Amino acid sequence: MKCKRVSRIDLVLEGGQWSGGDSTQVEMIATPLPMQPTGYVIKSWAEKPYGTIKTLTVDAVHDGHALAVRLQWEVPPATTTDFPPAVAFALPVKATSPLVLMGMAEAPMHILRWQGGAQAGVRSVLAKGIGSSNHGPDVGQKALARQDGNRFSVVITRVLGSGAGAAPLKAGTTTKIGFAAWDGGNEERAGIKSFSVDWLDLVLAA
Amino acid sequence: MSTNFDRRNFLKISAGASAGLAMHSFAAAGGAPARTLLGKPVPAYTGWKDVYRQQWTWDKVVRGTHITNCWYQAHCAWDVYVKDGLVFREEQAAEYEKVNDELPDYNPRGCNKGGCFSERMYDPTRVTHPLKRVGERGGNKWERVSWDAALTDIADTWLDVATKEGTDRVIWDIGPADDYAQNTAAFARISGLTQSVLLDMNTEIGDGHRGALETFGKISFESSADDYFYSDLILFWAGNPLYTQIPNAHFFTEAKYRGAKIISIAPDYNASAIKADLWIPAKPGTDAALALGVARLLIKDGKIKPDFIREQTDLVFLVRNDTQHFLTEADLKDGGKATVFYAYDEATRSVQPMPWKTLTLGELRPALEHTAHVRLKDGSEVAVSTVYSRMLLRIEDYTPEHVGRICGIEPWMVKRLAAEIGNAKRVRNTTQSTHSKLYHGNLATRAMALVFALTGQIGHKGAGFSGFPMLANEGVESFMIARNLKELDEHPPEIAAMFAQRMAAGDTLEQVINDMSNILMQPGALPFALPVNASGTLFWHIHAGISELSDHAADWNRGLKRSVKDHVSEALGKKWQPCVPKPGDDPRIMFSVMSNPLRRIRGNQKIVEVLLPKLAKYVVLDFRMNSSTRFADYVLPVSTWYERTNFKWVTPLSPYLTITNAATPALGESKSDFEAIFLLAKKIEERARARGIAVVRTPHGLEVNFSTLYQRMTFDGTYTEKDGEKVLKHIFEHGKLFGDVTWEQAKEKGFVRYTRISNDFVSAGNQTDIPKNDSIVALANHVQKKVPYPTTTRRIQFYLDHPLYHEYDEVLPRHKDAPTMGGNYPLLLSGGKARWSIHSTWRDSRLMMRMHRPEPYVVISVGDAAARGIKEMDWVSIRNDIGSFKARAAVSPTMQPGQTMIYNGWERHHFPKGGDMNSVSPSPINPVELAGGAGQHLRPFFIQGQGSMFDRETRVEIELAERAA
Amino acid sequence: MSKRQVAMVMDLNKCIGCQTCTVACKTLWTRNEGQKHMLWNTVNTQPGQGTPHNWEKMGGGFRNGEPQPGHRPGVGDFGKAWDFNYKEAFHGGEPGVRLAPLGGEPGQGPNHDEDVGGGTYPDNYFFYLPRLCNHCTHPACLEACPRKAIEKREEDGIVLINEDHCRGFRFCQEACPYKKIYFNEARGISQKCIFCFPRLDQGVANACARQCPGRLRFVGYLDDPDGPIHKLVHKYGVALPLHPEYGTEPNVYYVPPLSPSKHDADGKPTGEMQIPLDYLESLFGKKVHQVLALLIDEREKNRKGEKSELMDILIAREWIKNFGPFDKHPRSIENIKVVVK
């Protein structure tokens, strides 16, 4: 997917043009049940469908200093309010590993994850495998979220650059990007989610 | 809809980040260097476990306790933990030494309320500044005023009232937080020096233990709680001790493991009944019948102890069949004493006087069952019979079948209870104040005492009848009486002489102490100013309109021979009972000191309607807003028990004086009630001098001098408002009740075991030793040392030869059906002390309400609820002839059909408008409780012998109500 | 499996339902943000809905070693911790306004059905059941957590939620068959009884145990042959886990309750205890029959004046001995002395 360069991201956020209708429809699937990290999770979700978010609509722009990614999706009516809606994108720190493994020791992935609810906000997470995610570096991550009934629109931003544990981002380069989304209203959290199966290219315009 | 994010803020930060930070490197995650791209320092965080470790640290810890009336449960030594200048938690000190190798120790002593006073003291009910009413009384509007402004206004009103209307128009309503130490010293002194009136509230609150007074001549006697461990049979009779005696409860469960049987006699299957071996679900108010049925079987089966009866009771005394009065020496000899009584001696086969300086019988062998003829001094011959013979006649009808019908139980259970009691080596009952709250509860207590006396289960280890548990400090009474510093250490000569003379004449110390406390109920009886102790019950009845609730209703099956008004007039006229100020002399100022009468008094709406309009000032001293502060003119903030040093009376159940130390300074402008009363005295003196007021003559012929009040209050500056602790030290050291332990040591340790019973107005009745290494056995001095009882007959007395008892056929114990108090309604409203509060002190604590129920509730049996279409949590209306109130319904299978229950302590403000739980309590006076007269043990003295107020067995109907506001 | 295991025994014959334990825990641990509704220690009347309400029907635990799906209790299940209109009631509200919980109908708190129980008068019955985290040998919570945020301490088997790692996924709440895990909405993490590890680490017994006026709690290592825990659990076998069929192997054990005898129509005792034995069996398993019989026999020995070590332990004459090696006075740690001003 392409990440257009704009003059100022804040102007885009205030209602300016995103990528000129160049949205990417990212197909999502439920994470495989056998790969869930605990017997309890597997057992308790065996009879219950999850991964209800089938498609993410993604747009990305940058202004040379910061990246903004807009993620849009729709969920079925909620059955609980215990868990927040959440969405995340992952970028590789060095090399890529299979997205479904949530990173590996030698190939960590850097995730920016937004969630709504009581602890709303965006968190920088460094993952080196399933169930291993930990605090990630501060990359000035911010989010702007909007909910309209069952439709969500979340913009996550971070600054460009590189640093220990951070996925490097530089204008004019190409990296990989992967996605995950949680339908909190369906009690989705942790590994119970939908994800983009594989990495996509993220091409940052020069 | 935008969620959880401030867009404007976002844009600002986002723009800033993108414009200002072009650095192309980031700090490492979570570690050094501690600067991020955004320049925010990362706070040092040492891990979640340390957060918890940190939570259990403190700056300071002191020993403390709660100076409130937990009564049976009092008192417990706590460690009070302080952090950042606030008390943040408490934990039991739990350092009570073992008494001996056999008895379980007293650790850790405490309860749920004590465990969260640190929460309570800072909760939104706390008062921190003097408040003055704005607008109408009860209007719930306040303004902050200074202590000086409040005290000046109050002092000026006091002087106006004292000079224009009478010194006794100023009333001290002393609540259950009466410590019998520091605050007692203050209000007793100001009462004595101004002849203002202290309301004795013990019988009024329903703790008068009338039946104990009638039988033993006193109410204060109780063994230690560990003594239960020696028992073979423990009777939970008319009480729920595992609910109401939390720190003592383990002695019951442990005694059970030791082999003791427990029998619970209670209408409801309560928290104590569940621990019993046998539960006897008798109907409420039928204990007298059950006890008399048991007594009858014990006699029939030969399970009684004749030697105990001969020596310790009046059952062997002879009564004239013609007059129904005791046969006395005055009947037989010219100049004979009416206080010398007779028995029939089986040894000499003759009528012989009973010894009265001792209980020792010597060669006498008084007959139990006997009828004889004696020649009187005028030569006539009369038939006489023993009290025992009369008792046999009295209880003849109480067959198991008859008793079973009255009590609603199977006859077999009556037999079983009698067999268990008759076969047990050591039997104890548990102290209870249920009977004091029943109109005929005195009869029940007397009947139970009969069971214990017949079987000799009194005054031995593991065996005994429980009265009113109280253990205080005689030193405080010196502050009541002393006119100068010397008299703080020894009795004034007038009083010392009285003691010496009476004891030389053969009276016991206990009897003289009782007489002295009776004198304090007769203002002007001695030619100098003593505190004025007045009957609370009569005060509320006469001055606060409570009598209006019950006087008109002669049809409540009370069997009244005359109107209550007539009875009261007789009692006042014959000086059997005191009412100060006298009827018609309206009270003008009332102070409630840590007292909450608008919550407590049965029929309290009358206080609002009748008493408050008479008052020029109603001043409430408390640390929290409550039912009474809502109607106050001034609320004066009192420091809490963790903000001052103090101690309070305890009980023989746990014979440890327990001291609380100031952990933190008093919050806001609060002051101890001790300090507040001294400052008031100072202000009164200042205003009296400014206004040229000095000596004022009292209605009782004494003189008080307002211009020297503070000077005399403080013994010329020796004990001022700042000397609360000095007062405590004096009280502690006076009488040497604690062996070699110094005040400083006791204060640091927080508790100290008594080494002997204090000879004060409220403790002397215990009549026993306090062994260092064994349990305390109440009444042992009478049973083992043969010291006479303070009754008219000097024995455990079952024959009450007083005109009122003759009038109501209660000379001997009997069962009487409960009156239909409140009208002819189908349900009996009973009550009990709550688990969630000590009286009202914790009742509106949010923590306590969260842990149980946030609204008042009335417990209804499953059947009664179903019959009325009432479900759990419904709002219901509880009503009778007197009034009504609303509460939630709690439907429970534990409740006996026909019985309903509301636990004690709910504040007026817990109830929807229109009434509270006292609104249905007519609280009629039982005429026999107005007894008095010379030579009688039935007369008023400290905490006893005054009329009671009753709230149990109130008749009500319950129905579904509209949802409450 | 940890090297050693601390355990607690609670003698239900001594529990009086006073809730001092609940308060002791509350004031020490759960007065922070998001913890208003938390009572890591609860006491409920059995039979009854318990805390959270109807927890026994919420699933979790293991069957044949397989984890079982469970319900995740919410704040409403635990009982609302109401706020009240104090200011209105005391300062400036309409005269006579009622002090009442805010937020409309209050619903039922954590202990609403106190002293109710079951059966029909006069054959009704109830007893008190104090509960805390069972610090199981086979903790369903630990095994359910996808973040491995729950640890069982090597040195004593205390089960702890690592609050730094917890992300509030609440699988532990579902998996715990005893439903003793709360969720902190404000912090987005799960929290539960920590078995007072800061106290135990310093040789001081748990607050709920040390503050229990009923003296019914024993604390110590299961493998300490001289301690009361070993004797009650293993030597005499009178202390039983609650719902052993849940499969988590709790380390909190209960001495089951005796109760008065029922009466027949003549008022004579039937010999059948007021609490139905099948009900007790449903809570404590089949062993409950022999335990009650043993308690009755040993008590009878004492009644006849014979020695009974079991009764001596349960009587607990010297209270401090209930706590095995955790017998230090809290004030003795950190050198903080009583300060008297």
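This is a predicted model: local features need pLDDT of at least 70, side-chain atom pairs count only at pLDDT 80 or more; totals for chains, interfaces and linings use all residues.
Good morning. Chain A, with which I begin, has two helices and 16 strands.

On overall dimensions, the C-alpha trace of chain A spans about 50 × 40 × 30 Å along its principal axes. Its radius of gyration is 16 Å, which agrees with the value near 17 Å that a compact globule of 206 residues would have. Buried residues account for 57% of those 206 residues. As for contacts in chain A with a separation of 6 or more, 65% come from residues 24 or more positions apart. The chain exposes about 7900 Å², and carbon and sulfur atoms supply 52% of that area. Chain A carries 20 positive and 17 negative charges, whose mean positions lie 5 Å apart.

Let me turn to chain B. Its secondary structure comprises 32 helices and 32 strands. Taken along the principal axes, the C-alpha atoms fill a box of roughly 125 × 70 × 60 Å.

Within chain B, 71% of the 965 residues count as buried. Of the contacts between residues at least 6 apart in sequence, 74% join residues at least 24 apart. The accessible surface of chain B is about 28800 Å², with 51% belonging to carbon and sulfur atoms. Finally, on charge, chain B has 116 positive and 112 negative charges, and their mean positions are 3 Å apart.

Thank you.

Note on methods. Residues are numbered from 1 along each chain as its sequence is written. Chains are lettered from A and ligands numbered from 1 in the order in which they are written. Side-chain values use heavy atoms; hydrogens and water are left out. Helices (H or I, at least four residues) and strands (E, at least two) are DSSP runs, numbered from the N terminus. The radius of gyration is taken over C-alpha atoms; the globule rule is 2.2 Å times the number of residues to the power 0.38. Buried means under 20% relative accessible area, exposed over 50%, partly exposed in between (1.4 Å probe, protein chains only). Contact means heavy atoms within 4.5 Å. Accessible areas come from the Shrake-Rupley method with a 1.4 Å probe; for residues, only the protein chains shown count as cover. Lys and Arg count as positive and Asp and Glu as negative; His and the chain ends are not counted. The place of a charge is taken as NZ of Lys, CZ of Arg, CG of Asp or CD of Glu.
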